[in-house]
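Open the model in your viewer and keep the selection tool at hand. We will go from one stop to the next.

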Amino acid sequence: MPPVPADPGPLPGVPGLGGPPGHSPPGRGPAGHGPAAGRPDAGGPADPAEGPAREAGRLSGPLFRDEQPGTPPSGVTETVVLRAISDDAAPAPGRGTPPYPGAPVHPAPPPSHPAAGQPHFVPSSHPGQETPVAAQPDPQPQPRKQRGGRNLQAAIGVGVGLGAVIVASLFVVKALFLVVVMAAVAVGVWELTSRLAERKEIKAPLIPLVVGGIAMVATGYWSGIQWAAASLALTGLAVMVWRMAEPPENYLRDITAGVFTAFYVPFLATFVAMMLAADDGPQRIVLFLIVTICSDTGAYAVGYKFGRTKLAPTISPGKTREGLAGGIGLSMLAGALLMQLIIDGGSWWQGLILGGCAAVTATLGDLGESMIKRDLGIKDMGTLLPGHGGIMDRLDSLLPTAPVVWLLLAAFVGT
């Protein structure tokens, strides 16, 4: 490396390398004075004309701490670069770092949140800039949701109301419960066909389905299973004929959905009406309802507390195998007690079988309804019952359980 001169002196034309008037770097005295004035390489005393030219060749503004800003000469542009805001930027004087040696150090105050309604600033990607951000209100605590997103108070209130209607219609005038079943069938058919039309554009004829559904329930109650099956067949034919009034496109799809609706809602509900037709019909209906409700309740309680293994995660993620076992156990217990106490000629072991089968079919019916709703992309079939959804959301486990309970009761104690 070549030797570096001890004092190269100011470089002409390079801004910022010359000292201000009246200031000399260390080791050099004022022009014509001090140790550097008498050195051969100093070039002798400074030329008086050199000062203005040197001043015009450098940018205005202070270069060192002890310089004072001045007015920039004409034709010279002054550029000011602001330091970037960052976490490791030096704090302001008096807030952690002394502005000059020996100054007292004051600790920086802890960061605090901006006052309500005042904007705060965040670092920007551009040096020297900061972006204001509108003050956000403090997040409010979210109300705790019930499991499954249901309103528990509304669900309990609606359940109690439905129970009161069922009990009153069963034990005051038995035929009134038949009217309740017919109304539930009509609303259930309307909900299912409406969702099919909204989500899949499937036009299952509503009028023949409602009329045929009511006819199935009535004939099943007064005439038995043969007339109910004949009503189902006639309802299917009526759906085919009714759909002929529309264009032929999607004809097969629409009548298939209509026949499925006729079987799924009114025909399965007909077995409830046939249980009601027996001499101890109200007691059979109570047995049927309680074992089904115990299946749902036991599955919910045990699954909520001990559920670990998913039963059908792609269909109903909330159901667990532990919950299914709890539902079966509670339903069997209720079946054994009720079969012994309220059914003429019934035995407790018959109740165990009936309760276990009812719990299995109730779970399968619930899963089947969940499959339909997932295919349609909906959560509930309707909004008629607050906290429960629609009528079909309550009939999902009852409908497939009705023929099983009717068949077992017919086998155990007759019709």
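The tour below covers a pair of helices, a hairpin and one more helix. Keep in mind that this is a predicted model.

**Stop one: two helices**

Select residues 175–200, which are helix 3, and residues 206–222, which are helix 4. Look at their axes. They come within 9 Å of each other and cross at roughly 150°. Angles over 145 degrees count as roughly antiparallel, so helix 3 is roughly antiparallel to helix 4. The crossing of helix 3 past helix 4 is right-handed.

Now show the side chains where the two meet. On helix 3, pick Leu178, Val181, Met182, Val185, Ala186, Val189, Trp190 and Thr193. On helix 4, their partners are Leu206, Leu209, Val210, Gly213, Ile214, Val217, Ala218, Tyr221 and Trp222. What kinds of residues make up the contact of helix 3 with helix 4: nonpolar, polar or charged? The count is 15 nonpolar, two polar and no charged.

**Stop two: a hairpin**

Move on to strand 3, residues 310–312, and strand 4, residues 316–320. The two strands pair in the antiparallel sense, over two bridges. Together, strand 3 and strand 4 form a hairpin, with three residues between them. Click Lys310 and look across: Thr320 in strand 4 stands opposite.

**Stop three: helix 9**

Select residues 348–376. This is helix 9, with 29 residues. From its first C-alpha to its last, helix 9 reaches 42 Å. That is close to the 42 Å expected at 1.5 Å a residue.

Step past the end of helix 9 to Gly377. The phi of Gly377 is positive, near 75°.

Key
Residues are numbered from 1 along each chain as its sequence is written. This is a predicted model: local features need pLDDT of at least 70, side-chain atom pairs count only at pLDDT 80 or more; totals for chains, interfaces and linings use all residues. Side-chain values use heavy atoms; hydrogens and water are left out. Axes are lines fitted to C-alpha atoms, for helices over the stretch in contact, and angles run from 0 to 180 degrees between N-to-C directions. Helices (H or I, at least four residues) and strands (E, at least two) are DSSP runs, numbered from the N terminus. Angles under 35 degrees count as roughly parallel, over 145 as roughly antiparallel, 65 to 115 as roughly perpendicular and the rest as oblique. A crossing is left-handed if the near helix is turned anticlockwise from the far one by less than a right angle, and right-handed if clockwise. Contact means heavy atoms within 4.5 Å. Ala, Val, Leu, Ile, Met, Phe, Trp, Tyr, Cys and Pro count as nonpolar, Asp, Glu, Lys and Arg as charged, and the others, Gly among them, as polar. Two strands pair if DSSP finds at least two bridges between them. The expected span of a helix is 1.5 Å times one less than its number of residues.
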